[in-house]
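Q: I would like to learn how to read aromatic rings in a protein model. Can you take me through it?

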Amino acid sequence: MSDATTADVDVVVVAYNSAASLEPCLRDLRTAPGVRLIVVDNHSPDASAEVARRLGADVLALGVNGGFAHGCNAGWRHGDAQYVLFLNPDAEISAAALGRLVAELERDPRVGIAAPKILEQDGTLAFSQRHFPRRRSIFAQALFLHRVLGDASWTDELVRAPEAYERRNEPDWVSGACMLVRRTLLEELGGWDDGFFMYREDIDLCKRARAAGAGVRFVPDAVIGHEGGASAPRAAMIPVLAESRVRYARKHGGPGAALVERLGVALHALSHMVAARGGRSVRAGHVQALRRAVSR
């Protein structure tokens, strides 16, 4: 791998209905030295497992879709490399970019997680550096203040300042679309919390990594492409996100934080039922989110 040592890397891709995106996702890594491809198929109804095998990946065909974190745990435990790259199937990383992430962990033993700069399909920057959830941002997002006051850092979790993506940084947490993690850290933490079906599991992993004394590093010269949102319909996942938000708040803040989060989720659902685009299916998703916020 360019810009890296010869350290081995297990690349873990959790696939669900990802047959069309796996080839571009894995294209540049198939022949990279020291890289082992592990595709975890979360019981896809399409040909994801067959495509992954044809590409030369080790395939773990799970009999049930237990969610993203569950698939990540199955994948990293299947391998034994010093470093584990968790990569979304709708993302593309070059061997050189992977090498730069490895080099970052090699240079600084204090860092446990390294993440790249992410560009969307049209070349625009994805805001992949984030703040931990804050009470004020919970309600600001519900009232669309993050759109009205886009330059105000308190309105949501995203780090939006362009200059923050031009230098090495240590944000609170980074997007789970692509992150390189030390195996020793995963073992210390017990892996991902698979109580999260989807969403908030990457925040939780970074939160626990920081509590264990491991740094989270953004590496601007490692650049990847990301399609985003290709694996699941947005409307169907709105209530899943609501449930994960409340679970994360309870886990890291206790009953009081969970109550505040429920109120924020409920307000968000109500405001978006009225104003959000997307038609009947999206409104139905917000209705389900509201029900989960007030009933659990």
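This is a predicted model: local features need pLDDT of at least 70, side-chain atom pairs count only at pLDDT 80 or more; totals for chains, interfaces and linings use all residues.

A: Residues are numbered from 1 along each chain as its sequence is written, and side-chain values use heavy atoms, with hydrogens and water left out.

Q: How is a pair of aromatic rings described?

A: By the distance of the centres and the angle of the planes. Rings of Phe, Tyr and Trp (its six-membered ring) pair if their centres lie within 6.5 Å; planes under 30 degrees apart are stacked, over 60 edge-to-face, the rest tilted. The whole structure has four such pairs. One of them joins F68 and W192, edge-to-face, at 5.6 Å centre to centre and 85° between the planes. F68 is in helix α3 and W192 in the loop between α7 and α8, 124 residues apart. Helices (H or I, at least four residues) and strands (E, at least two) are DSSP runs, numbered from the N terminus.

Q: Which ring forms an edge-to-face pair with W192 at 5.1 Å?

A: F86, with 80° between the planes. F86 lies in strand β4, so this pair ties together parts 106 residues apart in sequence. F68, F86 and W192 form one aromatic cluster.

Q: Is F86 buried or exposed?

A: Buried means under 20% relative accessible area, exposed over 50%, partly exposed in between (1.4 Å probe, protein chains only). F86 is buried, at 0%. W192 is buried at 3%, and F68 at 12%.

Q: Which charged end sits over the ring of F132?

A: A charge sits over a ring if NZ of Lys or CZ of Arg is within 6 Å of the ring centre and within 35 degrees of the ring normal. Over F132 it is K207, 4.5 Å from the ring centre. R247 lies over the face of F196, at 4.4 Å.
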